[in-house]
Amino acid sequence: MCSITKENVFDAISTVIDPEVGFNLVEMGLIYDAIVDEKCNVHVIMTLSTQGCPLHQMITTWVKEAVERIEDIGEIEVEVVWEPAWNISMADDNVKQTLGAM
Amino acid sequence: MKAISSDFAPPLKLISPFFSAGVVFYLLSMVALLFFEPTFIYQQMDVAGWIHLFMLGFVMMIIFGAMAQLVPVVLEAGHAVVDVYYVIFPLLLTGASLMVIGFWVVPQILPYGGLLVLVAMIIFATENIATLKKTTISTLTIKTVAWSNGYLLLGILTGFAIALGFSGQLNINISLMLKAHVYAVIGGYVVLTIIGLSLILIPMFSLAHGFKEDAIQKAFKLVVTGVAIVFIGAIFSQEWLMYVGYAINTIGVLFYIWQIYIIAKLTVRKELDVWAKSMIFAFGTFIFAIILGIIYLLSAKESILHASVWFLLLGFISSMITGHLYKIVPFLVWFERFAPLVGKEKVPMLHEMYSKEGASMMFNFTVAGVVLGGFGLLFESDILFKAGASFLLTGAIFLFIGMRKMLAYGK
């Protein structure tokens with residue numbers, strides 16, 4: 001039985017910061033889900049704020065590296081999806097407030 | 001899932017010379033403005049020299065550097081032969097310099113400068129077309145890259161014909177060829193490129209989402225058609241046809257501005273950084289330039305045309321470029337020097353890589369310079385024009401210092 005939870009994975013990913021906006025990916029609402037199976041393999045489902053993001057591959061690598069730092073973690077798969085498309089309503093209130101979207 | 005290839009980014013050492021040289025040419029253009037009077041005709045050799053210093057040295061140089069980085073992002077495919085940019089840079093640098101010297105001092109060297117620029121642009125356009133063939137997607141931005149490169153080739157061919165005409169080696173109607181050349185380069189290449197890249201960059205930096213692209217699709221079709229009609233009208237000396245083209249183009253750019261308004265309404269990021277302020281100023285001056293252009297067509301008063309072109313070049317095009325430099329250059333430097341350190345040590349945010357005060361000074365002096373200089377041209381006031389040129393030069397010095405600091409950050 002795996003003791004790693006979805007929250008553990010989100011906490012690990014929250015160390016990854018978008019250098020353009022200065023917020024971490026979790027508070028931006030870019031991480032849609034993290035599925036952990038009984039062998040501690042993790043499937044992260046995420047999106048990006050724009051489809052033309054030149055940091056696309058780098059950000060997914062950072063997510064993978066952040067999750068890898070969790071003790072006893074198994075295989076990690078990071079999937080980028082475009083549906084549903086990201087919008088500001090998915091971000092935390094502090095992000096909206098700082099960006100002036102509230 | 002739509003795959004995005006973003007590991008095709010060319011190295012900073014390939015792109016940074018374009019940006020460094022472009023900013024130096026911008027600075028030189030502003031120095032040169034101090035020696036001009038607000039009354040002139042476009043056929044003057046010194047005016048043609050300034051236009052080429054600004055358009056080739058600054059605008060084209062920066063666009064070429066930016067395209068080296070952005071084409072793979074837009075096309076989601078790697079460059080066909082990215083190393084050609086190492087050849088394009090010295091050719092464009094030398095060609096543009098020779099052309100300016102040719103216009104100002106030694107007309108005999110104009111064809112040689114023109115030839116170097118021609119070769120640089122043929123290599124650039126050919127490489128872009130070869131890269132276009134690698135992509136499997138079809139977006140509006142990709143269509144603009146394809147069409148703008150076609151117009152670039154037409155523009156440079158007509159320009160080279162003019163250079164041969166000036167030096168007496170080709171017997172052509174220089175005045176008509178000049179109109180075809182200007183329209184192909186500015187309308188066909190620069191404006192189409194800006195339209196295409198705006199659709200990627202402006203929503204990306206402003207975090208705007210969920211907008212329809214109907215208006216910009218119409219803008220693209222109208223501008224492509226309008227430029228073709230003006231070009232054909234100029235080549236075949238059919239002035240009525242050129243007016244039809246002007247009208248179609250005007251409607252096209254109005255659709256483009258409408259699209260930007262739609263995107264601006266959905267902007268999530270309300271912070272007015274130097275990029276956001278530059279965009280507001282760029283589109284404000286663009287609208288003003290269009291209004292002046294329409295008044296000129298009705299009044300035929302030359303000073304109104306001069307002011308319209310001024311606001312288009314130094315207001316719209318210049319601000320679009322300088323505003324984006326404060327986004328693109330920190331990103332390129334960060335990508336090269338700090339991206340590998342993420343997760344290992346603290347890395348800077350992009351906005352920390354330039355002085356906000358310096359950027360504000362650049363923007364404020366530039367705005368004052370564009371407005372004063374533009375009204376100097378409109379009212380044919382030497383003192384207003386010179387004041388504008390002085391402010392622009394001060395803004396250019398701040399841009400030059402800012403660029404040097406950004407490129408040196410973390411070295």
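Visitor: Which residues in α7(B) meet Leu176(B), Ala180(B), Tyr183(B) and other residues in α6(B)?
Guide: This is a predicted model, in which local features need pLDDT of at least 70 and side-chain atom pairs count only at pLDDT 80 or more, while totals for chains, interfaces and linings use all residues. Residues are numbered from 1 along each chain as its sequence is written, and chains are lettered from A and ligands numbered from 1 in the order of writing. Helices are DSSP runs of H or I with at least four residues, strands are runs of E with at least two, and both are numbered from the N terminus; two residues are in contact if their C-beta atoms, placed from the backbone, lie within 7 Å. The α7(B) residues that α6(B) meets are Ile216(B), Ala219(B), Phe220(B), Val223(B), Val227(B), Val230(B), Phe231(B), Ala234(B) and Ile235(B).

Visitor: How many residues in the contact of α6(B) with α7(B) are nonpolar?
Guide: Ala, Val, Leu, Ile, Met, Phe, Trp, Tyr, Cys and Pro count as nonpolar, Asp, Glu, Lys and Arg as charged, and the others, Gly among them, as polar. By these classes the contact has 2 polar residues and 1 charged residue, and the nonpolar residues number 17.

Visitor: Is α6(B) roughly parallel or antiparallel to α7(B)?
Guide: Axes are lines fitted to C-alpha atoms, for helices over the stretch in contact, with angles from 0 to 180 degrees between N-to-C directions; under 35 degrees counts as roughly parallel, over 145 as roughly antiparallel, 65 to 115 as roughly perpendicular and the rest as oblique. The axes of α6 (residues 174-206) and α7 (residues 214-235) of chain B come within 8 Å and cross at roughly 170°. That angle makes the two helices roughly antiparallel.

Visitor: How many of the 33 residues of α6(B) are buried?
Guide: A residue is buried if 20 or more other C-beta atoms, placed from the backbone, lie within 10 Å of its own, exposed if 12 or fewer do, and partly exposed in between. The helix is largely enclosed by the rest of the structure, because the number of its residues that are buried is 26.

Visitor: Which element gives the largest share of the side of chain B that touches chain A?
Guide: Between the chains, 25 residues of chain B are in contact with 26 residues of chain A. On the chain B side, α2 (45-75) and α6 each supply at least two residues. The largest share, 3 residues, comes from α6(B).

Visitor: Is Ala300(B) buried or exposed?
Guide: Most residues other than glycine have a negative phi. Ala300(B), in the loop between α9 (274-299) and α10 (302-337) of chain B, has a positive phi near 60°. With 9 C-beta neighbours inside 10 Å, Ala300(B) counts as exposed.

Visitor: What is the radius of gyration of chain B?
Guide: The secondary structure of chain B comes to 12 helices and 0 strands, and its C-alpha atoms fill a box of roughly 65 × 45 × 40 Å along the principal axes. The globule rule, for a radius taken over C-alpha atoms, is 2.2 Å times the number of residues to the power 0.38. For 411 residues a compact globule would come near 22 Å, which agrees with the chain B value of 20 Å.
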